[in-house]
Amino acid sequence: MGEGRARRGAALLCAVAVGAAACSPAEEGAGPRPAAAGGVDVGAADRADLEPGGTLDWGINEFPAQWNPHHADGNLATVRTVTDAVLPTPFEVDPEEGPRPDPDYLLGAEVREAGPDRPQTVTLRLNPEAHWSDGTPITWRDYRATADALDGQGDGYRVRGEVGYDRIARVRQGADEYEAVVEFSEPFSEYPSLFAPLLPESVAGDPEAFNGDYKGDIPLTAGPFEVAGVDDGARRVELRRSEDWWGDPAVLDGIVFTAMDQEGLDSAFLDGGIDAYALPVDAGSFSRANSAGDGEVRVALGPDYRHITLNGESPLLRDRKVRHAVFLGVNRQALTDAALSGLGMEAEPLGNHFLLEGQPGFTDNSGQWGRHDPERAGELLDEAGWKPGEDGIRQKDGERLELRFLVPRGFRPAQDEAEMVQAMLSEAGIGVTIEPVGGDELFSRYVLPGDYDMVAFVNTGGRFPISNSLPQWASPVEGPDGEEWRSNVGRIGSKEIDAAMDEALESLDEEASLRAVNRADELLWQEGHTLPLYQRPQLMGVRSDLANIGAPGFGTHQYEDIGYLKE
């Protein structure tokens, strides 16, 4: 795909082994089947085989207010889908070989273990051609400012988490301004996950800019595309090819991201209004997208999983026994089968919060809490003082055990899932009220502030299983207004969980790190923090003549290489 792609193979830093879940195609005649169920399905093609130009209309399912991926309110997959085209990430991930420097931003990296005061030093050799859209060169100062903003020590920064950055002692200039030396006070095994994406010093160096500059806009960029406009009313972000890009030029003239609800996305793909969109794990959407005469669904096993999170600060769920009763009342296999059978796939429920099946060190730690056992759930509720009421719903001190399960309004698969959970938990005497809310408001208005009892969504973290997901399990930090849970929307934590995760990040010995990961996972099961359901297939509907876009699995899209095949 051009010299830029060829250079990437020579710069391998470390391998992250990945694998597939227990997933297999259904029998012939069982309905629509995935085109592939392997590691990557993107319609790969060489750039020479692509027609220069054209605009890609890309459908997205929400329109975030905050476009800073490091901000607490920007911790959404849609934000990364858009910003990966316009913001720099120094390390890219090959689905087979793991993380390696992206030569458009990073010419190389050297890792040294220097001693007790500086147990790890990473020297990054920056590409001197790289610069921000205002012409400012990308230098070591941007790395220092990003690290300082995200280390959890700066006043006023609303960050999604400080994992890894809190281990950096300092970032200093090396041989010149295009060499950044990152000195760690504690070892950090997943260092390639840092600076993803990098922020400009003018934004990262000021908390007001960090919190506000990317709210409703993406003013500074450094990628193969640049922002032509953000239209809140039309729920649209328009990108155009950057003529000032120093790497392989983007094949496409532009990309237009438009937010719609799921039904709207399905319809727009069928009638030609959009050319690509990520599908939910839903047989109906899958079948409709596959029926498009000029379209197809590309499929791979994704680095993410579906789960149900319980709000540990909800008055009804503060008791661990009640949370475990919910766990035991949910038939995870039934939910998994309902989600995947229509896709011609099957899988076992996932038994780990950090690792996916097939990854090194994967262990099913669910134990007694991962099985379906309504009878035992009832016993736990008895022990917690919740007694059966006249209508079967348990009560305590005059209060009913009725949980609010939030779902995005108009998203039928989530509604169906919640209705199944509602029926399952009723067997144990747990009531569930399903509350549809606007998809754009689900997190910002309800989940992040803690205004819910139950919610189901997707965790992403397979490429860097510890650092990517650690903020979701970490204890709260002190903020200007008191304790802040940040990305830990379950609001459950412990010093023991924190210590195990820290050990996993500190150990540069893979086996020791994985032992610590599994210890942290066991503790999460014991606390009743989040019920994993299943590893999700990654599904993307695309026009058949689109290349280098689809389901990259554990890898990443190369936006400059996306384009239409020559006729």
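Reader: How do you know how confident the prediction is?

Author: By pLDDT, the predictor's confidence in each residue, from 0 to 100. The protein chain averages 90, and 93% of the residues reach at least 70. Residues 1–38 fall below 50, and that stretch has 109 contacts in the model beyond near neighbours in sequence (contact means heavy atoms within 4.5 Å).

Reader: Why does Asp 275 count as buried?

Author: Buried means under 20% relative accessible area, exposed over 50%, and partly exposed in between (1.4 Å probe, protein chains only). Asp 275 has 10% relative accessibility, so it counts as buried. Leaving aside neighbours within four places in sequence, its contacts include Thr 55, Asp 57, Phe 269, Arg 543 and Tyr 564.

Reader: What makes Arg 543 a charge over the ring of Phe 269?

Author: The rule wants NZ of Lys or CZ of Arg within 6 Å of the ring centre and within 35 degrees of the ring normal. The charged end of Arg 543 sits over the ring of Phe 269, 4.2 Å from its centre.

Reader: Moving on to ring pairs, why is Tyr 105 with Trp 246 called edge-to-face?

Author: Rings of Phe, Tyr and Trp (its six-membered ring) pair if their centres lie within 6.5 Å; planes under 30 degrees apart are stacked, over 60 edge-to-face and the rest tilted. The structure holds 15 aromatic pairs. In this one the centres of Tyr 105 and Trp 246 are 6.0 Å apart with planes at 80°, so it is edge-to-face. Tyr 105 is in the loop between β5 (98–101) and β6 (106–112) and Trp 246 in the loop between β11 (236–241) and β12 (254–259), so the pair ties together parts 141 residues apart in sequence. Tyr 105, at 7% relative accessibility, counts as buried, and so does Trp 246 at 16%.

Reader: What makes Tyr 157 and Phe 210 edge-to-face?

Author: Their ring centres are 5.3 Å apart and their planes stand at 70°, so the pair is edge-to-face. Tyr 157 lies in the loop between α3 (140–150) and β8 (168–173) and Phe 210 in helix α5 (residues 207–212), 53 residues apart. Both Tyr 157 and Phe 210 are buried.

Reader: Why is α8 called roughly perpendicular to α14?

Author: Axes are lines fitted to C-alpha atoms, for helices over the stretch in contact, with angles from 0 to 180 degrees between N-to-C directions. Under 35 degrees is roughly parallel, over 145 roughly antiparallel, 65 to 115 roughly perpendicular and the rest oblique. Helix α8 (residues 320–329) and helix α14 (residues 510–527) pack at about 100°, with axes 8 Å apart. That makes α8 roughly perpendicular to α14. Where they meet, α8 contributes Arg 320, Arg 323, His 324 and Phe 327, and α14 contributes Trp 525, Gln 526 and Glu 527.

Technical notes
Residues numbered from 1 in each chain as written. Predicted model: local features only at pLDDT ≥ 70, side-chain atom pairs only at ≥ 80, totals over all residues. Heavy atoms only, no water. Helix = DSSP H or I, 4+ residues; strand = E, 2+ residues; numbered from the N terminus.
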